[in-house]
Amino acid sequence: MPPPWLRSVEVWNQRVHIWVGLACLWFLWLFALSGLLLNHPRWTLLPAWEQRRVETRTLPVQQVEPQGDLQTARALMGQLGLTGEVGSVSADPAADRFAFGVSRPGTFAEVSVDWARRQAEVKVTRIGAWGALVGLHTANGGGGGRHLRDWLPTTLWVVAMDGLCVGLFVLVASSLLMWLQAGRLRRLEWAVLGAGVLCCAFFLWGT
Amino acid sequence: MLGGRPPYLWLRDLHLLCGLFASPFLLLFAITTLLLNHPSAPPPNAAPGQPSAVERSVTVPTGLSDIDQARQILRQVGVTGEVQYLGRDGDRLEIPVARPGERTTVRVDLATGRATVERRPTGFGERLTYLHRAPGPHVADIRGNWIYTRLWRWLVDALVCLVLLISASGVYLWSVLRAERRTGLVLLGLGTVAFAALVWVLVR
């Protein structure tokens, strides 16, 4: 008969395992499914790209106060009604032009501003629900040559991703503790765990 | 009853076995997600090795597809790994190759048969993140040109199925525990609301 404190650890460990698993469930399913689709782009991603909808508009813009490229892009996004993560930015003062990209899962916008004419050409590409699903997998604000997150929803999503990672650590640790505390530790279970570890190690160091 | 055991018990065993096999992979993907989300933080053992370059003569095969030609050249210069893409500029062919722990670039002058092989060892963090990203969606026409990339893709596909099975069985195992139902429903509800709200804000 285990001592009371150990029994308490068992009970709370199981509770934490259940609670964390339930809280992370949707996130886990999304990243598992979207990861599968990223590894098989011909299933949905390439067809979604071929059926993408592209809309190009020319809109008036007002001169923005001189500031950094990111701030200029953000100010223009406000004028143009665009939201998302700023990607690549290029300024050509000699030609009086400014261009940048904006993205969010499933939608990309390319903006080319002609300051002399006070107008911007906005090309918005939408790749549908599958594109959005896959885009959520990689939406950490990286890319475009910068590792900055400049859009609050991206930061919140990264917090959620980090939370899922911590959740996975907790789930694995609590599951191993439950397994060890169960006391059965059959050979099959050791063999399965060993197989997983060896598979992982092989691909890390053995290829 | 299955084999004389109620569903709860054999599902619990299945949940355990699938979880035991999947746990090293789940840890790998969790660690690499943190590394990818926070690239400014130096990963452990991050110092990459110094690149080394050697020149070799190769026999340029003809009558093959671009990727097969590239793989034949790689075989001649003793390079293994996944060809990332093929860069062609006239008679010059650039073949970047990646594998866990090493990046190699082979530049071939197809007219003279001279090849330069530049190898760069990578750190432990990059070794891990390579597996997270592999095989990936880019250059789908040639992706999986290395046997271990195909095997890894198969393994990760199986891992996705295991994760779905583990989570579905986990939900069932929770549902039969009356004492945990209320708290579990609250947490499931909170997780659902947080997930839906974030996705809606990001995608709308």
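His40(A) sits in the loop that runs between helix H2 (25-39) and helix H3 (45-50) of chain A; helices here are DSSP runs of H or I with at least four residues, strands are runs of E with at least two, and both are numbered from the N terminus. Is His40(A) buried or exposed? With a relative accessibility of 15%, His40(A) counts as buried, since buried means under 20% relative accessible area, exposed over 50%, and partly exposed in between, using a 1.4 Å probe and protein chains only. Leaving aside residues up to four places away in sequence, His40(A) touches Arg153(B) and Asp157(B), where a contact means heavy atoms within 4.5 Å.

The model is predicted: local features need pLDDT of at least 70, side-chain atom pairs count only at pLDDT 80 or more, and totals for chains, interfaces and linings use all residues. Residues are numbered from 1 along each chain as its sequence is written, chains are lettered from A and ligands numbered from 1 in the order in which they are written, and side-chain values use heavy atoms, without hydrogens and water.

Aromatic rings come next. Over all chains, the structure holds 16 aromatic pairs; rings of Phe, Tyr and Trp (its six-membered ring) pair if their centres lie within 6.5 Å, and planes under 30 degrees apart count as stacked, over 60 as edge-to-face and the rest as tilted. Trp205(A) and Phe124(B) form a stacked pair, with 6.0 Å from centre to centre and 15° between the planes. This pair crosses between chains, from helix H7 (residues 187-205) of chain A to helix H3 (residues 124-133) of chain B. Trp205(A) counts as exposed because its relative accessibility is 52%, whereas Phe124(B), at 27%, counts as partly exposed. One aromatic cluster is formed by Phe202(A), Phe203(A), Phe21(B), Phe25(B), Phe29(B), Trp146(B), Tyr148(B) and Trp152(B).

Chain A as a whole contains seven helices and five strands, in the sequence order α-α-α-β-α-β-β-β-β-α-α-α. Its radius of gyration is 24 Å, while a compact globule of 207 residues would have one near 17 Å; the radius is taken over C-alpha atoms, and the globule rule is 2.2 Å times the number of residues to the power 0.38. Along the principal axes, the C-alpha atoms of chain A fill a box of roughly 80 × 40 × 30 Å. Buried residues make up 43% of the 207 residues in chain A. Among contacts in chain A between residues at least 6 apart in sequence, 54% join residues at least 24 apart.
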